[in-house]
There are 2 protein chains.
Amino acid sequence: MQGGRSNGSAVTRILDVAERLVQHRGFNGFSYADVAAELNVTKASLHYHFAGKAELGEALITRYTRRFVAALAEIQRLDLDARAALEAYAELYAEVLRGRRMCLCGMLAAEYQTLPKQMQDAVIRFFDQNEAWLESVLEQGRSKGTLRFRESAREAARLVVSALEGAMLTARPYGDVDRFQAAATVLLSSLTDTGAVATHS
Amino acid sequence: MQGGRSNGSAVTRILDVAERLVQHRGFNGFSYADVAAELNVTKASLHYHFAGKAELGEALITRYTRRFVAALAEIQRLDLDARAALEAYAELYAEVLRGRRMCLCGMLAAEYQTLPKQMQDAVIRFFDQNEAWLESVLEQGRSKGTLRFRESAREAARLVVSALEGAMLTARPYGDVDRFQAAATVLLSSLTDTGAVATHS
DNA sequence: GTCTATAGGCAGATAGAC
DNA sequence: GTCTATCTGCCTATAGAC
């Protein structure tokens with residue numbers, strides 16, 4: 001899902017570095033100076049490409065969302081059953097975490113109250129699109145009998161997003177991708193179980 | 001679970017204001033100046049009580065964890081069944097969210113990479129204690145047949161923490177506590193279902 | 001497009017009077 | 001304990017040369 005490393009245009013290289021910094025340290029935890037130092041340019045030259053931090057931030061979210069939505073479309077194209085589609089969805093998160101990164105929009109959700117308006121709106125759009133895609137997958141899975149949940153598909157979609165974002169969030173302090181995988185596995189099995197399983201250890 | 005409002009000692013009042021600011025804006029999103037302004041004192045006087053931001057931050061986590069662990073002990077004391085204990089646990093999170101706050105340690109987990117070492121260690125301890133408590137509740141629920149999950153109780157505990165932290169994280173941009181409640185409800189029902197439920201809409 | 005230079009502000013922190 | 005005053009450093013941002 002990620003592009004190449006620092007071989008694109010100036011704008012692309014700026015976005016690549018800034019994206020990694022935000023996913024590592026947060027929007028309030030990085031500066032133009034950090035980006036400039038890594039690219040061996042000056043802060044002033046960054047302002048030529050992005051008027052201010054708000055514009056840079058908005059561009060980051062837009063690009064990230066575009067790539068994420070493209071990855072969702074690719075999963076759809078594979079025409080997997082619902083369980084496998086959810087596994088593929090969780091794998092998108094796992095890839096980000098393996099790069100020692102938090103989901104860009106999960107990070108920005110934490111900092112939401114301090115973000116410029118245009119970034120806030122872009123963060124909302126990311127989650128809306130994730131939910132819509134998941135709702136469709138979950139509804140289809142339930143209608144075919146491969147998934148099971150009591151509440152609406154929209155509500156179940158919110159659990160999936162919540163659990164995966166939260167699993168990334170809590171796995172990072174431990175530097176342990178297995179923690180994420182464990183939570184994802186329990187989540188998927190809890191939406192899959194048919195009832196014919198052991199009820200105690 | 002929260003104490004009174006600004007009626008304690010100077011230290012307590014500082015912690016109260018700083019706690020709210022961190023839960024609202026993040027550790028990198030607030031300053032000594034913010035706290036001082038709200039309390040109508042100067043930044044210098046804050047340094048008398050807390051040598052630096054790192055010490056203030058560590059004290060915040062320690063107090064928050066102590067209160068949270070006390071709330072967990074209170075739930076235990078009520079001797080509820082596992083399902084009700086999990087509902088009470090989720091309600092602790094809901095109370096925080098109703099105050100328009102993120103879980104202190106969830107917020108700090110996002111900013112983890114930028115925190116001073118003593119704060120990082122304190123954040124880890126918070127999650128460890130939550131997991132241990134949940135593991136015990138989940139194991140008991142499974143042995144009594146009121147809960148159902150395939151994997152280890154420790155792994156299921158990680159899902160519970162992940163889902164609730166993630167549900168808080170993603171509900172805040174929408175300013176919508178119902179979003180949290182929906183995710184929590186689906187989570188609990190997915191750990192409770194006995195198998196005799198509808199499998200499609 | 002990228003640079004040097006600089007503005008203006010806010011950060012965390014300290015010294016020393018009261 | 002709280003204050004005034006100040007330090008140093010970093011922040012975002014801009015002007016203008018090249």
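**View 1. Helices of both chains line the surface near DNA strand C.** In this predicted model, α3 (43-49) of chain A and both α2 (32-39) and α3 (43-49) of chain B each supply at least two residues of the surface near DNA strand C. Near means that a heavy atom of the residue lies within 4 Å of the strand, and helices are DSSP runs (H or I, at least four residues) numbered from the N terminus. The largest share, four residues, comes from α3(A). By type, the surface has seven nonpolar, seven polar and two charged residues (Ala, Val, Leu, Ile, Met, Phe, Trp, Tyr, Cys and Pro count as nonpolar, Asp, Glu, Lys and Arg as charged, the others, Gly among them, as polar).

**View 2. Helices α1 and α4 of chain B cross.** Here α1 (residues 10-25) and α4 (residues 53-77) pack at about 90°, with axes 10 Å apart; axes are lines fitted to C-alpha atoms over the stretch in contact, and angles run from 0 to 180 degrees between N-to-C directions. The two helices are therefore roughly perpendicular, a term for angles of 65 to 115 degrees. Residues in contact (heavy atoms within 4.5 Å) include L15(B) of α1(B) and L60(B) of α4(B).

**Reading the labels.** Residues are numbered from 1 along each chain as its sequence is written, and chains are lettered from A in the order in which they are written. Local features need pLDDT of at least 70, side-chain atom pairs count only at pLDDT 80 or more, totals for chains, interfaces and linings use all residues, and side-chain values use heavy atoms, leaving out hydrogens and water.

Key. Angles under 35 degrees count as roughly parallel, over 145 as roughly antiparallel, 65 to 115 as roughly perpendicular and the rest as oblique.
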